[in-house]
Amino acid sequence: MNMEARVGVVVEGGQRALNSAHGAVVDAGARKFLQQQQQQQHEHSSKQGLNPQIGTVQQLLAGGIAGAFSKTCTAPLARLTILFQVQGMQSDVSALSKASIWREASRIINEEGFKAFWKGNLVTIAHRLPYTAVNFYAYERYKSFLQSTLCLENQRGKAGADLGVHFVGGGLAGMTAASATYPLDLVRTRLAAQRNTIYYRGIWHAFHTICREEGIFGLYKGLGATLLGVGPSIAISFSVYESLRSYWQLQRPDDSTIMVSLACGSLSGIASSTATFPIDLVRRRMQLEGAAGRARVYKTGLTGTFRHIIHSEGLRGLYRGILPEYYKVVPGVGIVFMTYETLKMLLSSIPTGY
């Protein structure tokens, strides 16, 4: 091989090596860039929390369906909870010590039939569709408003700032949704609390009877106790859910989004129910004041109702029905968040022109 050939081989080999090294550098750089993009996208999505990428109508639809589906799944436990909560209003106080979940469930099946577990579920769905839709929608709007008003856009991702926004936004959203749909909640409670004697024959009959016998303000009995309870309840629920979800995704980013939402939603439900159950019990009893022409039991407002329950039933009376509430809220709140997240992903492909 002559000198020119050897030089040509060396130059050609060097060129191939150079091209190979350049390609490796480009590939490595591309991989690094893609990894950085994926990491930034994951961090951005985890910081967004429940911030939707869907239009207003789709968001309201996702929230409403999530709430209605969850309530239908847990309707039997919800009715048991209401029946336990209002037991202290009965004249037969001796029956209170004999109460148990299985005994009450057996009584419903034997006396009213299996379908009675879903008594009042139609009005529950009529209440939950707008309630949950308004709740989730208002939460997103309040959260955006708080972040822009308090100039927290650049601090998003900081635990303290995020927790405060989630807590306040959740509380305001819960109070907004409860105020907008309260008459339906009161009618639902009265229908679910009926046993053998049927006084209200349906949703419209209940509305008409309450307005005729108690006036229009009868539809808002217990609203003060409801707002006092639902504000902290939804605030705790959203803040615990968002905090747990962000921490979980940070520690285990490859876990299923649906399962993370289900688990974090269930834990947030336990936390909020434990903290606000006494207020929920009081509002249920105030909603039933004067129902079906019965004499009033609590005549001194919210604080007087608390005192009356503690005096006649002890502190345990404020947590009457907490066990079926736990059985209900663990799957119930988890299903709400899981269904909401799933529907958001499905609806995100629909054009948002609303």
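## The second largest cavity

The second largest cavity has a volume of about 90 Å³. This value, like the others here, comes from a predicted model. Which residues line the second largest cavity? They are Lys71, Ala75, Ala78, Arg79, Ile82, Phe117, Lys119, Gly120, Asn121, Thr124, Arg188 and Ala192.

Three helices, H3, H5 and H6, each supply at least two residues of this lining. H3 gives the most, with four residues. Sorted by class, the lining of the second largest cavity has five nonpolar, three polar and four charged residues.

## The largest cavity

Rolling a probe the size of a water molecule over the atoms shows where empty space is left. The structure holds three cavities of 30 Å³ or more. The largest cavity has a volume of about 790 Å³. Its lining counts 41 residues. Lys71, Arg128, Tyr131, Ser233 and Ile234 lie nearest the centre of the largest cavity.

Which elements give two or more residues to this lining? They are helix H2 (56-73), helix H3 (75-85), helix H5 (121-149), helix H6 (159-193), helix H8 (223-251), helix H9 (257-287) and helix H11 (322-347). H9 provides the largest share, nine residues. By class, the lining of the largest cavity divides into 14 nonpolar, 18 polar and nine charged residues.

## Nonpolar cores

The largest nonpolar core has 22 residues. Inside this core, Tyr131, Phe136, Phe238 and Phe337 have the most contacts. H2, H5, H6, H8, H9 and H11 each give two or more residues to this core.

A second core is separate and has 11 residues. Leu191, Ile203, Ala206 and Leu219 are among them.

## Salt bridges within helices

A search of the whole structure finds 20 salt bridges. One of them joins Glu140 and Lys143, with the closest N and O atoms 3.6 Å apart. Both residues lie in helix H5, three residues apart, about one turn of the helix. Are they buried or exposed? Glu140 counts as buried because its relative accessibility is 0%. Lys143 has 4% relative accessibility, so Lys143 counts as buried too.

Helix H9 holds another pair. Asp280 and Arg283 meet in a salt bridge of 2.7 Å, N to O. The two sit in H9, three residues apart, about one turn of the helix. Why does Asp280 count as buried? Its relative accessibility is 17%, and buried means under 20%. Arg283 is buried as well, with a relative accessible area of 10%.

In helix H11, Glu341 and Lys344 lie three residues apart, about one turn of the helix. Their side chains meet in a salt bridge of 3.9 Å, N to O. Both Glu341 and Lys344 are buried.

Other salt bridges share partners. Together they join Arg79, Glu104, Arg107, Glu111, Glu112 and Lys119 into one network.

Note on methods: Residues numbered from 1 in each chain as written. Predicted model: local features only at pLDDT ≥ 70, side-chain atom pairs only at ≥ 80, totals over all residues. Heavy atoms only, no water. 1 Å grid on protein atoms, 1.4 Å probe; cavity = no way out; pocket = protein on both sides within 12 Å on 5 of 7 lines; lining within 4 Å. Points joined across faces, edges and corners; volume = space filled by probe spheres on them. Nonpolar A, V, L, I, M, F, W, Y, C, P; charged D, E, K, R; others polar. Core = buried A, V, L, I, M, F, W, Y, C linked by side-chain atoms within 4.5 Å. Buried < 20%, exposed > 50% of the residue type's maximum accessible area, 1.4 Å probe, protein only. Salt bridge = Lys/Arg side-chain N within 4 Å of Asp/Glu carboxyl O.
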